[in-house]
Amino acid sequence: MFEKSLKGKPAYWIWLAFLGVFIVIGAVCYVRQYLFGLGLTGMSRDVSWGLYISQFTYLVGVAAGGLMLVLPYYIHDYKAFGKITILGEFLAISAVIMCLLFVMVDIGQPLRAMNMILHPTPNSMLFWDMVVLLGYLSLNIICGWVILTAERKQVPPPKWVYIFVYISIPWAVSIHTVTAFLYSGLPGRHFWLSAIIAPRFLASAFAAGPALVVIACLIMKRVAGFDAGKKALDKVATIIMYAALINTFFVLLEFFTAYYSNVPGHIESLRYLFFGITENGHTYNNLVPFMWTGVFLNFLSLGMFAYLKFREGNDWILGGACAAIFIALWIDKGLGFVLGGFVPSMTGHITEYYPTANEIGLTVGIWATGFFVMTVLYKIAIGVEHEIE
Amino acid sequence: MYNKKTIIPGLIIFVLILTAPIWYNGLKARAMPKPELPAGEKQCVLPLQEIRDTHMQLLNRWRDEVVRENKREPITVDGKVYGKGFQLACLKCHPSKVKFCDKCHEYAAVQPYCWDCHYTKAQAAEMMKETH
Amino acid sequence: MDNERRKFLKIAGFSALAGIGAPAIVKLTSTASYASEQAAHGASEGKMAEGGSLQETGEKTKQYGMVIDMRKFMQNPELEDMAIEACINAHNIPQFPPEKKKDEIKWIWKTGFENAFQEHTNYHTSEEVEKSPFLILCNHCEFPPCVRVCPTKATFKMKETGIVTMDFHRCIGCRFCMAACPYGSRSFNWQDPRPYIKHLDPDFPTRMRGVVEKCSFCEERLAKGLEPACVAAVKDSGALIFGDINDEKSEIRQVLQKEFTIQRKPSAGTKPSVFYIV
């Protein structure tokens, strides 16, 4: 079915070439980083995880979000999702590939990555993260490919593939739970030491993943003649809205616990993120504008989703709402959650984090790689869709 | 044959690339490497052929015993006492990486990364010269 | 695809997998002694890694610990610099200039009271405590979070000594341990450290870029019957007392019985092995 991705309109090739430019830039950035060391990034002794791991954390959620398209169709027989489950699975593949790339560029000795497999360590959540991510990648490749092939041949999929589909459903929950466990089991960092991290991650995942699929559907309606169906998109929009609402509630719960209890360990990171911390004449607040932009976009998108429920909206409002929530959650989880855990440091010092140009170049390059894979896979899916019509 | 004009030249290029190591140097084999043995030392921790064949296994075993099991007792071979470890034993007698270690490693085209951390006396002197 | 070709491809695929997998299986089950040695190795490592506690095994093992007598350091502040200097020289620790502070590597260093002891009150502190720098280092915890999170067992608690130690050969540089340590004791080699090493100890290696490092309680010196470098540097003053805290007869236990000591972040549940007399 790969041949479906080799024929396309000029816009398709221009888009791939555009992504290709960023991929090449990212590759160059990686070579520079590989030769010198991670000192080429803005990470420091105090902020030892930065943009790479924050993108990884967010993208595991985006990958898990595919579940919200698969679950209603396969478990609850919601036929309207018939055309878009494959999009959820292909999104998961692209997102997991991005996750794996972000981890590979972040570790200090990438050539020793096999040590995680040669010396398995079940007590380490990072080990389990590797296991569940590789498992989820395999599951989505198997399910997506087999079912799409069956669709193309206009036959029902073979019975054995349903075992993998049913496994992939709790597995999607597990990938983001395990990623949350990376953070929520560390005794020193009170910003992360909370049981609600896993539910919060899952809620934002179920909003962010489908939001990206919706945006892709809206684009493909215009450029590729692919109509996911109004019923399907409306239902996905509802799911995104509720997931975003629950995530917002969870974040507000964190604020309550921190500020009502007045325990410094809980408050300090939130204070740094949303209000800045001033000490010794220095004001540390480089993330404040990001966090409030995220808050604004979050409520804006919730408003737009609500509007769509009461009035007959148009695709631009739907697309705008999805884009807003995608970016808002990226700020909340990627920037706020991961970076906030490192401020203040374990000795109470504040070291701010500024990613370097090389680091940003590599990050953008990996995002471009993910979108490249997603574009190619979606082209195949739509190609099959057109073929069977 | 279908597409003969592309396949045959392609096949020829493939075979050329595959056999490049043989013809690249003019069908001549390089001379056997001659590592410079340390002056004044008569023996190593293992006999010559054994150390040549198994020095990586020995070093890995020493590494695991010293670092992971804290078995740091010095080694005695034929009455001579050696510290246990690459830098404490091998690099004490073999003072030059370039004249000894590199000779065979370059011939065999291997790049062990031991010297990212461990260093000879000559290398130590060089490092101190650079930072002062 | 016709059936003959499918059958052929299936058989070819399985044979290829078997051919690739066979050497691995042979290696894993090769000689009985090798296999059991690996198993014993794995088991003892597993025991250490599992929560990192040795007390669960019920064996009487050593737990090296340290008492930092801040009273002596407050009387004589240069002692702190002597201890730090000794550590830096004994382990080829690089010293980065101020503009590269983000890349700094420190195994033992000075910080303020409120930074070292975040669970103690730091208002209306006595003037002496407030202006004195405190020495902090890896606590070699009984239940080290860093050991729990390491995905390769590159950091593990050494059974015989209770020291939380680093295997630089195995570390993949994921820095999960740095995120997990409640005390900020760990440093990462963000680049090759060699250009910044001022003094080389020829018996100790440097580290390569991409691995994490921290205080090791001078394991290599302990093996020779010496005390850690920092302890030896301030030996005369008795400001640092080192020994086996599991041994009731050791000097350090006598000190702990006599003096009131505090520890860093006790509520983290890590049970540190470093005690402070303030």
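Hi everyone. Before we start, one definition: two strands pair here if DSSP finds at least two bridges between them. And please keep in mind that this is a predicted model.

Let's begin in chain C, with C:Tyr64, which stands opposite C:Asp244 in S8(C). That puts us in strand S1 of chain C, residues 64-69, and five bridges join S1 to S8(C), with the two running antiparallel.

Now step back to the sheet around that pair. It is an open sheet of three strands in chain C, ordered S8-S1-S9, and its pairing is mixed. Strand S8 (240-244) and strand S9 (274-277) of chain C are the edge strands, each pairing on one side only. From one strand to the next, the twist averages 20°.

What packs on this sheet? Helix H11 of chain C does, residues 251-258, touching S1, S8 and S9 of chain C. The direction of H11 makes about 115° with that of S8(C).

Next, the domains. In chain C the assignment gives domain 1 as 3-30 and domain 2 as 55-277. The C-alpha centres of these two domains of chain C lie 50 Å apart.

Finally, let's turn to where chain B meets chain C. This contact takes 21 residues from chain C and 17 residues from chain B. On the chain B side, helix H3 (48-69), helix H4 (86-93) and helix H6 (121-131) each supply at least two residues. Which helix gives the most to that side? H6(B) does, with six residues. By type, the chain B side divides into seven nonpolar, six charged and four polar residues.

Key:
Residues numbered from 1 in each chain as written. Chains lettered and ligands numbered in written order. Predicted model: local features only at pLDDT ≥ 70, side-chain atom pairs only at ≥ 80, totals over all residues. Helix = DSSP H or I, 4+ residues; strand = E, 2+ residues; numbered from the N terminus. Axes fitted to C-alpha atoms, helices over the stretch in contact; angles between N-to-C directions. Contact = placed C-beta atoms within 7 Å. Domains from an automatic or database assignment. Nonpolar A, V, L, I, M, F, W, Y, C, P; charged D, E, K, R; others polar.
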